[in-house]
Amino acid sequence: MSSSKQKSNRHSPVVAQHDPFAALRFRDYRLFTIGRLLLFVGSQMQTVAIGWELYELTGSALVLGGVGLAQVLPMIALTLIAGDIADRRERKLTMLLSVMLLALCSLGLAVLSYTQGVVFLIYACLVLTGVAKAFLKPASDALMWQLIPVSAFTNAATWNSSSFQLASVIGPALGGFGIALLGSATGVYVAAAIAALLCFILTLAITEKKGVRVTEPISIKALAAGAKFVWENQLILAAITLDMFAVLLGGAIALLPIFAKDILHVGPVELGYLQAANSIGALTMAITLAYLPPLRKAGPALLWSVVGFGIVTIIFGLSRSFWLSMLMLILAGALDSISVVIRHTLVQIRTPDYLRGRVAAINSVFISASNELGGFESGLTAALFGPVVSVVGGGIGTILVVIATAMLWPGIRKLGALQEYKVSE
C-alpha cells in the first residue's frame with residue numbers, strides 16, 4: 001500500500017505549510033465544513049429549545065438531566081457497531097442517512113411541540129437523535145480526513161474546532177431568540193430540521209475519495225479493532241486519556257448557575273456571558289492556531305495547555321470577581337482548544353484509513369462520556385462538599401492527571417512536529 005505522503009500527492013492544489021486557509025482551499029472540505037457548521041448551529045438551537053420546553057412542561061430538574069443521558073446512552077451502546085460500519089460501508093452514505101434521521105427527529109419534536117405531546121415521545125425523539133449521532137460521528141470524522149492531504153490535517157483540526165465553537169456561541173443565542181420571537185419552541189425545531197437538510201444537500205455534493213475498506217467478516221475482533229489500535233498506540237492513548245480526565249475533573253460549566261447566583265451574585269445576563277466565555281476563548285485560539293505555523297513541540301504544548309487549564313480552573317473556583325471569573329473561563333476555553341487540535345491531528349495522522357471510523361467511534365465515546373460524567377461528577381461533589389471545593393479540587397486533579405500521564409507515557413513529552421508522525425497505510 002502507498003504511504004499517506006504518496007496519497008496526499010494525488011490531491012490538488014498544493015498546500016502551503018503556513019497557509020491559514022490551507023484546508024479550506026479544497027472544495028469538498030469547504031462543503032463538508034459549511035454543512036457541519038449548519039448542523040452544529042441547528043443542534044445547539046434545538047438543545048436550548050428542548051431544555052426550555054421540558055422545564056415548562058414538567059418543572060423537573062431530573063427530566064432536564066435526562067436529556068443528555070437519553071442521547072449519550074445510544075452513542076455508547078452503538079460505538080463498536082457504528083465504527084465498524086464507518087470502515088466497512090461508504091462513509092458519505094452513512095453520514096447522509098444519519099443527517100436525514102436528525103432532520104426527521106427535529107420535525108418530530110416540532111410536531112410534538114405544536115401538539116403539546118407527552119414527555120415520553122419527546123424522549124423517544126432524543127434517543128433516536130442519539131442513534132443518529134452514534135453513526136454520524138465516526139462516519140463524518142473518517143470522511144473528513146479523506147477530503148484533504150495529510151499536510152492540511154493540523155489546519156483542518158483548527159477549523160473543525162472553530163466551527164464547533166462558533167456554533168456553540170451563536171446557536172444558543174439564536175435558539176433563545178427564536179423562542180422569544182415566536183413564543184414557543186416549535187419554530188426552533190423546524191429551523192434545526194432545515195439546517196440538517198441544508199447539511200444533507202451540501203454533503204450530497206461532496207465527491208468521496210476511494211479509500212481502503214474492511215473486507216474481513218464481521219466479528220468481535222473486527223468490531224474491537226479500533227479499541228485495540230488505541231490501546232496499542234501509546235501516543236494516542238495518552239492524548240485521549242489526558243483529554244478525558246481533564247474534562248471529567250476540570251469542567252466547571254455545569255456549575256455556572258450556582259457560581260453566578262450564590263458566589264458572584266450576578267443575574268441571568270451575566271450568566272449568559274459566563275456560559276459563552278469558554279466557547280469565545282476556544283474559538284479565538286482555534287483561529288489563532290490556524291494563522292500560526294505548525295507546533296514544533298506538540299507533546300510539551302499538549303501537557304502544558306492541560307496544566308494551564310487546571311490552573312485557570314482553580315483560579316475560577318476561588319474568584320469572587322465576575323470579570324476575573326469570566327477571564328478564567330475564556331482562558332480555559334483557549335487552552336482546551338490547543339489540546340483538542342493536537343489530539344485530533346495526532347489521532348488522524350497516526351490512524352490508517354481503514355481504521356479511522358472505528359478509532360473515531362472510540363474517541364467520540366470517550367469525549368461524550370467524559371462530558372456527561374463530568375457534569376455529573378461536578379454536581380455530585382458540589383452537593384457533597386460545595387461548588388468551590390468541587391471546582392478547585394477538579395483543577396488540582398487535572399494537574400495531577402497531567403503529571404501521571406507524563407510519567408506513564410514518557411513518549412508524549414518528546415512528541416515533536418505532528419507531520420513527522422505520519423503512518424504508512
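Is F259 buried or exposed, and at what relative accessibility? F259 counts as buried, at 1% relative accessibility. Here buried means under 20% relative accessible area, exposed means over 50%, and partly exposed is in between, using a 1.4 Å probe and protein chains only.

A quick word on what you're looking at. This is a predicted model, where local features need pLDDT of at least 70 and side-chain atom pairs count only at pLDDT 80 or more, while totals for chains, interfaces and linings use all residues. Residues are numbered from 1 along each chain as its sequence is written, and side-chain values use heavy atoms, with hydrogens and water left out.

**Aromatic pairs**

The structure holds four aromatic pairs. Rings of Phe, Tyr and Trp (its six-membered ring) pair if their centres lie within 6.5 Å; planes under 30 degrees apart count as stacked, over 60 as edge-to-face and the rest as tilted. Take F40 and F164: the ring centres sit 5.5 Å apart with the planes at 90°, so this pair is edge-to-face. It links distant parts of the chain, with F40 in helix α2 (residues 27-58) and F164 in helix α7 (residues 153-182), 124 residues apart. Helices here are DSSP runs (H or I, at least four residues), numbered from the N terminus. F164 is partly exposed, with a relative accessible area of 39%.

Now back to F259, whose ring pairs with that of F316: the centres are 4.9 Å apart and the planes at 40°, so the pair is tilted. F259 lies in helix α12 (residues 256-263) and F316 in helix α14 (residues 298-318), so the pair ties together parts that are 57 residues apart in sequence. F316 counts as buried too, at 2% relative accessibility.

**A greasy spot on the surface**

I311, I315, L324, L327 and L331 form a nonpolar patch on the surface, with about 370 Å² of accessible area together. Such areas come from the Shrake-Rupley method with a 1.4 Å probe, and for residues only the protein chains shown count as cover. I311 belongs to helix α14 and is partly exposed, with a relative accessible area of 40%.

Most residues other than glycine have a negative phi.

| Residue | Phi | Place | Relative accessible area |

**Covered spots**

What about helix α4 (residues 79-88)? This helix is mostly covered, with seven of its ten residues buried. Those are T79, A82, G83, D84, A86, D87 and R88.

L54, in helix α2, is buried as well, at 1% relative accessibility. From L54 to V118 is 10.0 Å in space, C-alpha to C-alpha, though they're 64 residues apart in sequence.

Definitions and conventions: Helix = DSSP H or I, 4+ residues; strand = E, 2+ residues; numbered from the N terminus. Patch = residues over 30% accessible without salt bridge, like charges linked within 9 Å, V, L, I, M, F, W, Y side chains within 5 Å. Salt bridge = Lys/Arg side-chain N within 4 Å of Asp/Glu carboxyl O.
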